[in-house]
Amino acid sequence: MPRIFSGIQPSGELHIGNLLGAVQNWVELQSRYECFFCVVDLHALTGAGYEAAQLAKRTRDMALSLLAAGIDPSRCTLFVQSHVPDHSVLMWLLNAVTPLGELERMTQFKDKSQHLESIPAGLLNYPILMASDILLYRADLVPVGEDQVQHLELTREIARRWNAAFSTGPTPILPEPQPMLTVAKRIMGLDGDAKMSKSKGNTIAITETPEEIWQKLRPAKTDPARKTRKDPGNPEVCNIFDLHRYFSPPETQAEVAVKCRGALWGCLDCKRVLADNMTAALAPIRERALDLAAHPEQVDTVLGDGAMTARRHAGETMRLVQDAMGLLPVPREVRREA
Ligand code: ATP
Ligand code: MG
């Protein structure tokens, strides 16, 4: 069965953009592939919103939300990146073959470093850690959105260079992973200005209460042409209509479009219907999340089992990699201690 690796940062709450754009797809992949899903807390250290006091909670909450959304630990491996130290070890080894120029060329690095007075090296080296995440499990496929294609291409380049330098057998030790492009669903934030992002505070979390959903939708941006209730609107440019496409049945979508174009109702009426449908769609996820929140030890057990499985696979790769790179094997007594 081909193997998949995918990660998500604990940079905030899992939101409907993550759900529709990534996690629903993960849930489906579980039955067809051997999947490794990782809460990439080490990556979050370089993010703008990183706070030490929040990280552990955010990491556990992210795992909880993934489980609530349908990630099933009996069919995949769910774990936390920092629980498998080999991610960081392999990263250092891959540093040896990664060209600096390629790192500096990355769009995400250019974007994120632009406004910083002092640029942490971690921002530049981020793609090497991502390469190590994927190559550590020798994943065949990586589900990625458009924004991560460039990083995955660099992972492939790093694998090629490393294999050329160190892999002498008939099959490369670090296979080049292929991108699995997910159908581009791009959910805009409630501000209507930018993509919905955990770190931007323009989200609806998947575990939000019905009242919270309503309070967030109420002030959300709609077609700016609808200044008053009497102005007809254009659903094609309205973010609320876009959300109806994901949460309301086709007949409701058709009705919403007619009522918007004909100014037959106000934006609040339209949002009310959306809030009800979104609440209904998220209800089973919220229920599972509440259940897990009442039993946090269940989440910890899943993450413990996941880390054990991940460590085993990572260890196999590391033995091959360290041997190929000529490192002196760790003495047997030390290995036994570990
Ligand atoms: P951050 O603000 O920390 O970048 P994020 O909300 O953008 O957080 P990521 O961790 O960058 O989330 O991405 C997790 C997954 O969710 C990725 O596969 C990404 O493509 C997908 N994703 C993120 N935001 C959206 C969105 N608004 N619409 C659709 N998919 C999204
Ligand atoms: Mg993002």
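Salt bridges, cysteines and a charged patch

Tutor: In this predicted model, E153 and R156 form a salt bridge, with their closest N and O atoms 3.5 Å apart.

Student: Where are E153 and R156 placed relative to each other in the helix?

Tutor: Both are in helix α8 (residues 149-166), and because they are three residues apart, about one helical turn separates them.

Student: Which residues are linked with E153 and R156 in a network of salt bridges?

Tutor: The network also takes in E157, R160, R161 and E176.

Student: How many salt bridges does the structure hold?

Tutor: There are 20. One of them joins K259 to E255, where the closest N and O atoms are 2.8 Å apart.

Student: What separates K259 and E255 along the helix?

Tutor: They are four residues apart in helix α11 (residues 250-261), so the separation is about one helical turn. K259 is partly exposed, with a relative accessible area of 25%, and E255 is partly exposed too, at 40%.

Student: What about R272, which residue does it form a salt bridge with?

Tutor: Its partner is D276, and the closest N and O atoms are 2.8 Å apart. R272 and D276 lie four residues apart in helix α12 (residues 267-294), about one turn of the helix. Relative accessible area is 35% for R272, which is partly exposed, and 40% for D276, also partly exposed.

Student: Is C35 buried or exposed?

Tutor: C35 is buried, with a relative accessible area of 2%.

Student: Last one, the surface. Which residues gather in a patch of positive charge?

Tutor: K112, R186, K195 and K200 do.

Student: Where does K195 lie?

Tutor: K195 is in the loop between β5 (178-181) and α9 (210-217). At 36% relative accessibility, K195 counts as partly exposed.

Notes: Residues are numbered from 1 along each chain as its sequence is written. Chains are lettered from A and ligands numbered from 1 in the order in which they are written. This is a predicted model: local features need pLDDT of at least 70, side-chain atom pairs count only at pLDDT 80 or more; totals for chains, interfaces and linings use all residues. Side-chain values use heavy atoms; hydrogens and water are left out. Patches are made of residues with over 30% relative accessible area and no salt bridge: like charges are joined within 9 Å, nonpolar side chains (Val, Leu, Ile, Met, Phe, Trp, Tyr) within 5 Å. Accessible areas come from the Shrake-Rupley method with a 1.4 Å probe; for residues, only the protein chains shown count as cover. A salt bridge is a side-chain nitrogen of Lys or Arg within 4 Å of a carboxyl oxygen of Asp or Glu. Lys and Arg count as positive and Asp and Glu as negative; His and the chain ends are not counted. The place of a charge is taken as NZ of Lys, CZ of Arg, CG of Asp or CD of Glu. Helices (H or I, at least four residues) and strands (E, at least two) are DSSP runs, numbered from the N terminus. Buried means under 20% relative accessible area, exposed over 50%, partly exposed in between (1.4 Å probe, protein chains only).
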